[in-house]
Each structure stands twice: as structure tokens, then as C-alpha cells.
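Me: Please take a close look at a single part of this model and describe it for a reader new to the structure.

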Amino acid sequence: MLSASWILQAPLLAQAPPAQPVPFIFDTDIGNDCDDVLAMGVIHALQTRGECELLAVTITKDHELAAAFTDAVNTFYGRGDIPIGVCRSGVTSEPGSFNVLAAQQDDGDDRYPHDLRSGQDAPDAVALLRQTLASQADGSVVIAQVGFSTNLANLLKSQPDNYSPLSGVELVQRKVRLLSLMAGAFEKIPGKDGQRDDHKEYNIVKDIPAAQWLAAEWPTPTVWSGYEIGLNLTYPHESILQDYNYVDHHPLSEAYTLYNPPPHNRPTWDLTSVLQAIRPDRNYFDLSPPGRVSVADDGLTTFQNDADGRDRYLILREAQKGRASEALVQLSSQPPANFPEGDSQ
């Protein structure tokens, strides 16, 4: 249990601008929605700008092409050496509408070159998380979880190993500065009939036991981007049609189109957690007062105010939408650092 005095300092720790790139881990269910892919574009743009360093990607979608496609995206941005870890949970085991791009070939060559051909060849996510955290400075790492809580819950349950003599909870408490999640809902959501009702959010309900464990046991400051945030901040389809044409094939725009083609504007759920995690001091969003999030057996998330609480959730004001949307568009569509020279041509 965190001390009250430490928790009270948490907002200051989370808001302090980094003196050097933020050591960053991305935990994703890539393949279930195209916002994960756009979020990767944001991460790579921010790394090119010197604002973060993507240490590892861990995946909670249990299909072999999820890791392969992730490697293809990283390679497109000139960072094909970023390690990728996978879980073997059986959750969402279908390939997805765009992870198949990892196997797409044109005239016998990969459309998107990559080395990792299958998640079967990738390390276990928890082992990779422990190895990565153990190598970093104390209190430095920021994690964005934009899929299920499977990997991080299992990390908390992990025992000492050759990477660290610490338990999972101890390792997280020592190394992680902030956890930014796209999960839950903290407003009632309008249904097809226009009535606002409680919403049981997808990332929670696909692995409720893991979400409950994480909500109960995670030991560091946590910011939740609820379903309502991305729903009210959509990615303009005009950007998909216009901003990625500097190459013949772009993994972000192709993934978006395969998932649901323009003129549909996709909610920016996962992008918001990444943006807040790496740029917490830009006022793209407001933060709730401190409190505590809990997850019910049916997947419903609730927030209880608590001055000593670990958790906050994002609030999107009408006046913030323009800036936040423009930032996400500009970062997602920023060309790779190696363009026009390199593999991205």
C-alpha cells in the first residue's frame, strides 16, 4: 500500500516535464482496433522529437500476427530492434482486419519489411517487462496500457527471477513513475436510443479478472482515459486520405482503411493515453481529483473520490478538443526520421 504522503506527491511527479526522453513501454491489443496503430505513430513521432524512448512493446491480443505487424510498424519508422513480447491467453485469437498486413507481399517482397515473422518467436510479455524495468533507473518508466490488463496483472503476480530479485509489485513500485490506461468509462455513454447509461468498456470486459487485479494492486500513480474521452475526440478521416501519401504504402493509413475505411472518423481512444503519458504538462486534458478506481464483476468501472487516492481520470473540455485533435493528427502523420532516406521510401 502506498503511503498517503507519497500519493500526494504523485500529481507533481506525473506533471513534471522530463529533462530527458521518457523511458516508455507500450502495452497494446493491436489488431482489435486501428487506434492502437495510430497511437504507435504518435509514439514514434515523439521519439523522433526526443520526448520519449520506446523501450518495448507488449501485446495482449493472442494472435501470432499481432507481434509481426508491430515489428513491421517499428521497422517502418526505422526502429525494428525494439523488443516485442506476447501473452498466450487465448483472448481475441482472431487475426484482426489489418494485422494481416504483416504477411502482405508485393512482387515477392514484404510490403512492410520486418524480421519477427510470428508471435510464436517472440518472448513472453512478463519476462520482457521484468527485463526492461530492471534495466531502467528507479522511478523513471512510464507505461501506457491500451489493451487488456492481462500482461500488467501478470507482471504484478510475477516472482523474482534472473532479471530482478524483486517481486512484480516491488519491481513496479521501484521503477514505474506513471501508468496511463485507456480503460473504463467515467461518464454515462449515450446509447442508440439517446439515453445515457453505464458503459462496460471493451478493454475491461475482455479480461475482467486481470482488470480487477490491476485496479486493486497497482502500486504507482495511475491516469485513466475513459471510453468517453476518445469517443468525443475523433480522428478526422481527411488526414487518412491526405497526410500519409508521402509513401505508396503506409501501415497507419492502410490499417485504418482496412479496419473501417474513410469517410468514417475513428475515436482516438488509445492515442489519448499515449499523449497524456508523454506530454502530461501540455493541458490537452484536465485531470479529475484524486480517487480510486474499482472494477465490478460485470466489468463496470467506478471512481470514488479520495484525497489520498492513486487514480485520476482524464476530462476533455470543449475548448481543449481542437488542440488535442491537431496534436494527434500532426504526430500520427509525422514522417519517419529516416524519410526520405531509408527503408520507408
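Reply: Histidine 264 is buried, with a relative accessible area of 16%; buried means under 20% relative accessible area, with a 1.4 Å probe and protein chains only. The model is predicted, so local features need pLDDT of at least 70 and side-chain atom pairs count only at pLDDT 80 or more, while totals for chains, interfaces and linings use all residues. Residues are numbered from 1 along each chain as its sequence is written, and side-chain values use heavy atoms, with hydrogens and water left out.

Histidine 264 lies in the loop between α11 (251-259) and β12 (266-267). Helices (H or I, at least four residues) and strands (E, at least two) are DSSP runs, numbered from the N terminus. The side chain of histidine 264 reaches the backbone oxygen of asparagine 260 at 2.8 Å. This is a polar contact, that is, a pair of N or O atoms within 3.5 Å; within protein, one must be able to donate a hydrogen and the other to accept it, and residues adjacent in sequence count only if both atoms are side-chain atoms. Which residues does histidine 264 contact, leaving aside its neighbours within four places in sequence? They are His237 and Tyr256, where contact means heavy atoms within 4.5 Å.

Elsewhere, helix α8 (residues 208-217) has Ile208, Ala210, Ala211, Leu214 and Ala215 buried. They cover an arc of only 160 degrees around the axis, which puts them on the same side of α8; the arc is that of the directions from the helix axis to the C-beta atoms. The elements against which the buried residues of α8 pack include β7 (176-182) and β14.

Note on methods
Buried < 20%, exposed > 50% of the residue type's maximum accessible area, 1.4 Å probe, protein only.
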